[in-house]
Amino acid sequence: PEGWTLSDDGMSASKTYDANAEETVTFKDLAGNEAAVSVKIDNIDKTAPETEVSYSETEPTNKDVTVTVTSNEALDAAEIPEGWTLSDDGMSASKTYEANAEETVTFKDLAGNEAAVSVKIENIDKTPLTLGTPEYVENADGSVTVKIKTDSDIDQTRIPEGWAYADGYVTKTFEKSAEELLTLYDKAGNLSLIHISEPTRLALI
């Protein structure tokens with residue numbers, strides 16, 4: 001048949017298929033007798049896996065982030081990149097990152113086709129706010145406004161009552177002597193504390 005190659009001894013014939021196929025081919029012996037042979041190839045896979053990347057958290061966080069790569073076909077367990085864990089069904093792999101990272105990881109399907117996957121994590125922040133030394137501003141009415149500079153934005157949904165945040169400063173006006181332990185959170189949830197106490201600067205009792 002066309003595309004087939006006969007061996008030197010005439011005892012066999014071969015053909016190379018570059019894609020899956022199913023066909024019936026007919027061979028004849030020297031006397032003209034025919035033999036119909038069914039050929040079915042369904043294990044050729046030259047297509048790389050299609051993947052999707054998901055993150056356990058995309059908002060600012062002070063916790064680890066788990067990245068999951070999901071495939072449209074089973075991944076080769078022997079070729080899973082270091083640090084990654086293959087799911088029981090072989091259709092996804094995951095890795096937990098403790099810090100921000102950017103890398104390209106390569107996965108292979110069972111046929112050896114490669115898929116390069118880009119992973120980028122930039123929302124992990126485990127460093128608490130750095131708070132400046134409190135500034136005490138005396139007002140005309142005798143009250144004192146306390147200003148504290150922060151090195152990054154704070155979570156304004158968790159700012160203590162009476163305090164305000166604007167332009168990198170938290171402020172509060174005191175009308176009488178006071179002592180307070182100020183608790184502030186950044187947007188990733190990191191906690192910072194600062195002690196407010198300078199009653200001698202307060203004119204009102």
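A search of the whole structure, which is a predicted model, finds five aromatic pairs. Rings of Phe, Tyr and Trp (its six-membered ring) are counted as a pair if their centres lie within 6.5 Å; planes under 30 degrees apart are stacked, planes over 60 are edge-to-face, and the rest are tilted. One of the pairs is formed by tryptophan 4 and tyrosine 17, which are edge-to-face, at 6.4 Å centre to centre and with 75° between the planes. This pair links distant parts of the chain, 13 residues apart: tryptophan 4 belongs to the segment before strand 1 (5-6), and tyrosine 17 to the loop between strand 2 (13-14) and strand 3 (21-28). Strands are DSSP runs of E with at least two residues, numbered from the N terminus. Tryptophan 4 is buried, with a relative accessible area of 18%, and tyrosine 17 is buried at 16%. Buried means under 20% relative accessible area, exposed means over 50%, and partly exposed lies in between (1.4 Å probe, protein chains only).

The rings of tryptophan 163 and phenylalanine 174 have centres 6.2 Å apart and planes at 75°, so this pair is edge-to-face. The pair also links distant parts of the chain, eleven residues apart, with tryptophan 163 in the loop between strand 12 (144-149) and strand 13 (164-166) and phenylalanine 174 in strand 14 (residues 169-174). Tryptophan 163 is buried at a relative accessible area of 7%, and phenylalanine 174 is buried at 9%. One aromatic cluster is made up of Trp4, Tyr17 and Phe27.

Charged side chains also lie over rings. Lysine 147 is placed over the face of tyrosine 169, 4.7 Å from the ring centre, and the charged end of arginine 158 sits over the ring of tyrosine 185, 3.5 Å from its centre. A charge sits over a ring if NZ of Lys or CZ of Arg is within 6 Å of the ring centre and within 35 degrees of the ring normal.

An open sheet is formed by four strands in the order 5-6-8-7, with antiparallel pairing. Strand 5 (51-55) and strand 7 (85-86) stand at the edges with a single partner strand each, so one side of each has no neighbour in the sheet. Two strands pair if DSSP finds at least two bridges between them. Strand 7 pairs with strand 8 (residues 92-97) in the antiparallel sense over two bridges; serine 94 in strand 8 is the bridge partner of threonine 85.

Residues are numbered from 1 along each chain as its sequence is written, and side-chain values use heavy atoms, with hydrogens and water left out. In this predicted model, local features need pLDDT of at least 70 and side-chain atom pairs count only at pLDDT 80 or more, while totals for chains, interfaces and linings use all residues.
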